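The following exercises ask the reader to derive local features from a set of coordinates. Each task is followed by a solution in steps.

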Amino acid sequence: AAGILHGNDGFWKLHFWLFSKSGRASDDDLHAAAAEFGWDADEFDRVRRSNETLRRVQADIEEGFDLGLASTPLIFVNGVEFKGWSAPLALTRVVDTLSAKNFPAKTATADHPMPASEAFVFEWRQSRARELPATPNTWPRGPASARLKIVVWGDYQQPNTALADQIIREFSATRSDVQYTFHPYPLNTACNPAAKEDENPLACRAALAAQAAGLLGGADGYWKVHDWLLKNQVTFSDEALRAAGGELGFDPAQLLAKMDDAGVAAGLAPEGQAGGQAGLQHSPLMFLNGKVVPRWLHGQQPMLPAILEAAAESGE
């Protein structure tokens with residue numbers, strides 16, 4: 001609104017004032033500031049509340065979203081994104097260095113940001129490949145010699161885990177060069193001391209079902225129950241599992257009894273600990289060929305298919 005009414009000088013005058021207040025300014029504060037600057041405070045308030053001002057703010061937000069902006073600030077210096085700005089005096093040093101070279105003046109039209117579809121892939125490429133912690137009871141799906149190895153820590157009761165798993169399974173269905181390993185990371189401290197919050201009351205029970213299925217039926221049994229659990233998150237219960245057990249190739253009573261085995265429950269703790277060692281902060285946590293996937297959801301749009309295709313094509 002300050003820019004609309006008072007041009008570039010007005011914009012920056014209010015910009016600096018807002019940051020001097022750490023962004024904490026009430027309507028009354030803004031009205032008083034406008035009067036202090038010698039502006040028509042009532043006109044400023046009217047423009048600030050106008051549809052045109054809102055449209056311009058929303059356009060900025062949409063532009064940031066299209067660029068896959070994950071946090072602010074997003075800074076460009078001479079058209080190149082500067083990622084190291086948070087280091088002490090880093091931005092000052094860059095500006096001083098470039099200023100001394102007397103480059104021609106440029107505007108924001110020289111900025112060349114990546115669209116979100118490329119930024120998400122780029123962030124994965126920039127990750128450093130590393131050895132992932134091993135756990136005693138895992139049943140990888142796919143050949144050990146696979147070019148693309150996908151490792152996921154996730155919660156069987158979490159919708160985003162189900163979405164990521166569906167994308168991975170659809171991607172893998174027509175390929176013979178993918179290996180997929182899933183580690184249960186129940187978001188429930190009852191069976192996973194590494195969990196920070198008890199988000200899903202049935203998370204432990206679902207993880208126990210998958211582990212019990214693997215111990216009883218090997219990889220084939222594990223993945224049958226794994227797939228069933230993620231397709232039936234909303235309706236999952238011991239009763240639902242008992243009803244489905246026969247179709248999944250298990251004696252239902254034996255499967256539920258194995259879930260109650262103390263040894264199976266004890267086996268979940270190492271999975272949670274391994275997830276913590278791998279750097280899990282938000283579930284699911286995914287790795288492609290040892291490189292962490294920093295981000296894979298852009299709003300409601302999954303970028304994971306593009307990342308998987310890039311990983312498969314490059315073999316990185």
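The relative accessible area of Phe16 is 54%, and Phe16 is therefore exposed. The coordinates belong to a predicted model.

**Exercise 1. Classify the aromatic pair formed by Trp12 and Phe16, and state how exposed Trp12 is.**

Solution. 
- Step 1: The structure holds 10 aromatic pairs. In the pair of Trp12 and Phe16 the ring centres are 5.8 Å apart and the planes meet at 35°, so the pair is tilted.
- Step 2: An angle under 30 degrees would count as stacked and one over 60 as edge-to-face.
- Step 3: Both residues belong to helix H1 (residues 2-20), where they are four residues apart, which means a separation of about one helical turn. An α-helix has 3.6 residues a turn, so residues three or four places apart point the same way.
- Step 4: Trp12 has 36% relative accessibility and therefore counts as partly exposed, whereas Phe16, at 54%, is exposed.

**Exercise 2. Determine which geometry the pair of Tyr222 and Trp223 adopts, and which aromatic cluster contains Tyr222 and Trp223.**

Solution. 
- Step 1: The centres of Tyr222 and Trp223 are 5.1 Å apart, with 85° between the planes, and the pair is edge-to-face.
- Step 2: Tyr222 and Trp223 are both buried.
- Step 3: One aromatic cluster is formed by Trp139, Tyr180, Tyr222 and Trp223.

**Exercise 3. Identify the ring over whose face Lys291 lies, and do likewise for Arg295.**

Solution. 
- Step 1: Lys291 lies over the face of Trp124, at 5.2 Å from the ring centre.
- Step 2: Arg295 lies over the face of Phe120, and here the value is 4.2 Å from the ring centre.

**Exercise 4. Carry out the corresponding analysis for the buried residues of H12.**

Solution. 
- Step 1: In helix H12 (268-277), the buried residues are Leu268, Glu271, Gly272, Ala274 and Gly275. Their arc around the axis is only 160°, so they lie on the same side of H12.
- Step 2: On the face turned away from the buried side, H12 carries the exposed residues Gln273 and Gln277.
- Step 3: The cover over the buried residues of H12 includes strand S3 (148-154), strand S4 (178-184), helix H8 (203-231), helix H11 (262-266) and S5.
- Step 4: Ser283 is placed in the loop between H12 and S5. Its relative accessible area is 11%, so Ser283 is buried. With neighbours within four places in sequence left aside, Ser283 is in contact with Trp153, Gly154, Asp155, Gln158, Thr161 and Leu187.

**Exercise 5. Describe the largest pocket by its volume and its lining.**

Solution. 
- Step 1: Rolling a probe the size of a water molecule over the atoms shows where empty space is left. The largest pocket has a volume of about 1600 Å³.
- Step 2: Its lining consists of 31 residues, and those nearest the centre of the pocket are Phe11, Trp12, His15, Arg56 and Asp60.
- Step 3: At least two residues of the lining come from each of H1, H3 and helix H4 (51-66).

**Exercise 6. Decide whether Leu89 is buried or exposed, and whether Asn289 is buried or exposed.**

Solution. 
- Step 1: Most residues other than glycine have a negative phi. Leu89, however, has a positive phi near 60°, and the phi of Asn289 is positive too, near 50°.
- Step 2: Leu89 is found in the loop between strand S2 (80-81) and helix H5 (90-99). Its relative accessibility is 60%, so Leu89 counts as exposed.
- Step 3: Asn289 lies in the loop between strand S5 (285-288) and strand S6 (291-292). With a relative accessible area of 19%, Asn289 is buried, since buried means under 20%.

Conventions
Residues are numbered from 1 along each chain as its sequence is written. This is a predicted model: local features need pLDDT of at least 70, side-chain atom pairs count only at pLDDT 80 or more; totals for chains, interfaces and linings use all residues. Side-chain values use heavy atoms; hydrogens and water are left out. Rings of Phe, Tyr and Trp (its six-membered ring) pair if their centres lie within 6.5 Å; planes under 30 degrees apart count as stacked, over 60 as edge-to-face and the rest as tilted. Buried means under 20% relative accessible area, exposed over 50%, partly exposed in between (1.4 Å probe, protein chains only). A charge sits over a ring if NZ of Lys or CZ of Arg is within 6 Å of the ring centre and within 35 degrees of the ring normal. On a 1 Å grid over the protein atoms alone, a cavity is a set of points where a 1.4 Å probe fits but cannot get out, and a pocket is an open set with protein on both sides within 12 Å along at least five of seven lines; lining residues have an atom within 4 Å of a point. Grid points are joined across faces, edges and corners, and a volume is the space filled by probe spheres set on the points. Contact means heavy atoms within 4.5 Å. The arc is that of the directions from the helix axis to the C-beta atoms.
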